[in-house]
Amino acid sequence: MRLSPITRRRIALFRANRRGYYSLILFTVLFVVSLFAEFIANDRPLVIDYRGTLMFPVLHGVSEDRFGPDFLPTEADFTDPAVIHAIEAHGWIVWPPIRYSYDTIVKNLPSPAPSPPTWRNLLGTDDQARDVLARVIYGFRISVLFGFALTFVSSAVGIAAGAIQGYRGGLTDLLFQRFIEIWSGMPQLYLLIILGSIITPGFWTLLVFLMLFQWMSLTGVVRAEFLRGRNLEYVRAAKALGVRDIAVMWRHILPNAMVATLTFLPFNLSGSVTLLASLDFLGFGMPPGSPSLGELVAQGKNNLQAPWLGITAFLVLGTTLALLIFIGEAVRDAFDPRKTLS
Amino acid sequence: MTLLAVERLGVAFGARQVVHDVSFSLDRGETLAIVGESGSGKSLTALSLLGLLPPGAVASGMVRLDGTETLGAPERQLRRLRGGVGGMIFQEPMTSLNPLTRIGEQIAEAMRLHRPITLAAARRRAGELLDEVGFHDAASRLDARPHQLSGGQRQRVMIAMALANDPPLLIADEPTTALDVSVQAQILALLGAEKRARGLALLLITHDLTIVRRHADRVCVMQRGTIVEAGRTDEIFAQPQHPYTRALIEAEPRGRPPPLAADAPVLLEARDLKVHFPIRRGLLRRTVGAVRAVDGISLRLREGETLALVGESGSGKSTAGYALLRLTAASGRVAFAGKDVLSQPKPAMRHLRARMQIVFQDPFGSLSPRLSVGEIVAEGLGVHASGMARAERERRVAAVLAEVGLGEDALHRYPHEFSGGQRQRIAIARAMVLNPSFVVLDEPTSALDMSVQAQIVALLQRLQRDHGLAYLFISHDLRVVRAMAHRVAVMRAGRIVETGTLEAIMGAPQHPYTRALMAAAFGLDGDGPGSA
């Protein structure tokens, strides 16, 4: 692919901001690793060799009666010492590094839950005896995925709306602006509470609901860029050539608007992560039991005698948001036309 | 003792030396012009005299102003010199004045910085200064803010500020470039009058040889950071020694458009063309009036003919060009090749656009920085010949680039790698690739250096001869118009005030505005000091 010189210069500028560049690498590594959370923190073994047959319980359930006549034909429970014993008598087991999933209840804790960090539970357990490290890994993944999904869907809608407003101008613009003013006056949190009393919000319902309000964050910027862009001389030249409106918007004006958009994007992403965490903290977010950073913050607040909960929540959320902000700053610098490579 | 002596002045940005070895001197009562094209280092030379260089630039050599060495002088001393000994006038009067402060206060501030003077006295003196620079109602204008003044009036305020402390030296950095031609002459006349009345030394930085010829006693010609030739104005113009000076003087656009066939059919006819922008007020945004940008003009263009549309900025000439191409909403009738442009349905209009094209003024703004030159030029083919094979399309683009004088290697490069003149060639290629029969040229040479202007004019003449193009040539520069046009229409405030053949307009201009334009372009009489 041939990159335009502007793009190449921006990449060079981004890489020149070392803090942002390393933040991006670190964040990417953490995110990719967390995508494979099931292989890192799980209460099911990765591989079982039982009487010469290889099984992969991490991928699909295994019936318990395969391990001997004493067991029932139900899904195998690998936290049961009897099952482990039966398998190891005729084969071997490969475990993930952390032998707990986000919802595994840890048995035989040395002290009542929440229990402090030990070698078995590196970050301790929460008040329902679940391993905090496992929950953090899953929680990070769901937070970031939710943030990405919300940011990209709402940005796409927002850019399209802003583009139409700015390009058409006039009455379209006027009506759209008034609609946005009214729409942004809606009490989001109350609506969410009402929604929560009707249905149990899940990942997708929350996503759609928040998208209904989040898309407006970019519309103003994109609208302004299109208002400006439609009078640029090269846009006029394209119109004089007879290029269709859609093509003019896509090929000539959108690249300008994307500068402002991409600059905002990392900040919107961190805003979305915070939004989900705060809803979870208040109890209006993901369904109970889901791994969530906001819920961990709430636990830390309710269990001040167990500081590992609060500290973990703070560090994980803080690091995630700081990385995103550092990346965002580097992106902003890269798009700054006055910035020079030196 | 000379007032200003500059010896071996150099300016560098880091390792890049942009001005080197510049030496000149200037005395009271004398006008020295530094002339050169953009990027020649003439403005940096002027800025370095009072220690006003932008951050990152370092000056070397020696500058002695009124007996004081200014390079490396402490900031306290520089502040005394700035305004006190050397007043400065900048190119853009809108951005040189503080938009929030009344002009009386701004002039008074310039005085109060340099000497103890009461507010009332400073204000009185500011009124006198405004009167001196040609404000009829000076006392009442003291409380005006910059946006309430015209461009020429703002430049007069700048001159009043520069003169507020009676400095013996006035540095004018392109003082008229941002102004309309009719105002330019007035400002230059004012500068000349002040120079004579106060015995000023005037350092005039400009790219315009007409100004130099009329106003300067001596000239320094700068090219790429050095003075290539210096001497008395009349001698330099009579016998330029350096090839660059010769090129500059001979750079005036030359030639004449190809003769027009007597039976050339009418290609484009506009009748009572109007472009009104509504002014809306109040809660319900009711239309209370309209800006009549183009107010009922009629014009006719035959095949192969060039009609020059001449007028100052804001006269509506560019808007009229856009309206003819239906790039802005307009009313009236525009017939192009027998079809009514303003009422064509969209698909038919798209079809028509292949035959009517436009070239814009600013070669930096009219090319998308994100597309390669090949993509830019091929864009029209993508619309009008979408079935064309890729190889054929590339061949057409390369052929048209060659026609405007660019090599095939330009195809895959990006606009920023080209100079202003080359970029204008790219813009012309983009219009030409569709083989149009009518092209609107919207000030295609105004943003270019003089020597490049002549090349672009020659190119446009050749294209017209080879393809029988009809041009609508929008310009305020009659020197270029003389080389391009068969007929001229003079526009003012949305209306055509005078129209006729080039010879008629040039020979016997009827309208006062036309005469002012002639004076600005060819140095004829017909202007005098007065309020702008």
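**Entry 1: helix H4 of chain B**

I started with H4(B) and found it mostly covered, with 7 of its 10 residues buried. This is a predicted model, so I read every position below as a prediction. I listed the buried residues of H4(B): B:Ile103, B:Gly104, B:Gln106, B:Ile107, B:Ala108, B:Ala110 and B:Met111. What do they pack against? I found helix H2 (75–84), H5 and helix H7 (151–163) of chain B.

I then took the pair H4(B) and H5(B). H4 spans residues 103–112 of chain B and H5 spans residues 119–132. Their axes come within 9 Å and cross at roughly 115°. That makes H4(B) roughly perpendicular to H5(B). I noted a right-handed crossing where H4(B) passes H5(B).

Next I looked up who meets whom. H4(B) brings B:Gly104, B:Ile107, B:Ala108, B:Met111 and B:Arg112. H5(B) brings B:Leu119, B:Ala122, B:Arg123, B:Arg125, B:Ala126 and B:Leu129. I sorted the residues of this contact into 7 nonpolar, 1 polar and 3 charged.

**Entry 2: the cores**

I looked up the largest nonpolar core and found 175 residues in it. Those with the most contacts inside this core are B:Ala160, B:Leu203, B:Leu309, B:Val310, B:Val377, B:Leu472 and B:Phe473.

I picked B:Val377 to follow up. What does B:Val377 touch, leaving out residues up to four places away in sequence? I noted B:Val397, B:Val400, B:Leu401, B:Ile426, B:Ala429, B:Arg430 and B:Val433.

**Entry 3: where the chains meet**

I checked the contact between the chains: 16 residues of chain A touch 22 residues of chain B. On the chain A side, helix H1 (5–16), helix H10 (233–240) and helix H11 (245–282) each supply at least two residues. Which helix gives the most? I found H10(A), with 7 residues. By class, I have 10 nonpolar, 3 polar and 3 charged residues on the chain A side.

**Entry 4: H5 and H6 of chain A**

I looked at another helix pair, H5 (residues 132–168) and H6 (residues 170–183) of chain A. They pack at about 140°, with axes 6 Å apart. H5(A) and H6(A) are therefore oblique to each other. I noted A:Ala161, A:Ile164, A:Gln165 and A:Arg168 from H5(A), and A:Gly170, A:Thr172, A:Asp173 and A:Phe176 from H6(A). This contact has 3 nonpolar, 3 polar and 2 charged residues.

I went to A:Pro73, in the loop between strand E2 (53–55) and helix H4 (81–89) of chain A. Is A:Pro73 buried or exposed? It is exposed, because 8 other C-beta atoms lie within 10 Å, and 12 or fewer counts as exposed. Leaving aside neighbours within four places in sequence, A:Pro73 is in contact with A:Ser63 and A:Asp65. A:Ser63 is 10 residues from A:Pro73 in sequence and 5.7 Å away, C-alpha to C-alpha.

I then checked A:Arg51. Its phi is near 50°, a positive value in a residue other than glycine. I placed A:Arg51 in the loop between strand E1 (47–50) and E2 of chain A. A:Arg51 counts as exposed, because it has 10 C-beta neighbours inside 10 Å.

B:Asp166 sits in the loop between H7 and strand E7 (169–173) of chain B. I logged B:Asp166 as exposed, with 12 other C-beta atoms within 10 Å.

How values were computed. Residues are numbered from 1 along each chain as its sequence is written. Chains are lettered from A and ligands numbered from 1 in the order in which they are written. This is a predicted model: local features need pLDDT of at least 70, side-chain atom pairs count only at pLDDT 80 or more; totals for chains, interfaces and linings use all residues. A nonpolar core is a set of buried Ala, Val, Leu, Ile, Met, Phe, Trp, Tyr and Cys residues joined through C-beta atoms within 7 Å. A residue is buried if 20 or more other C-beta atoms lie within 10 Å of its own, exposed if 12 or fewer, and partly exposed in between; C-beta atoms are placed from the backbone. Two residues are in contact if their C-beta atoms, placed from the backbone, lie within 7 Å. Axes are lines fitted to C-alpha atoms, for helices over the stretch in contact, and angles run from 0 to 180 degrees between N-to-C directions. Helices (H or I, at least four residues) and strands (E, at least two) are DSSP runs, numbered from the N terminus. Angles under 35 degrees count as roughly parallel, over 145 as roughly antiparallel, 65 to 115 as roughly perpendicular and the rest as oblique. A crossing is left-handed if the near helix is turned anticlockwise from the far one by less than a right angle, and right-handed if clockwise. Ala, Val, Leu, Ile, Met, Phe, Trp, Tyr, Cys and Pro count as nonpolar, Asp, Glu, Lys and Arg as charged, and the others, Gly among them, as polar.
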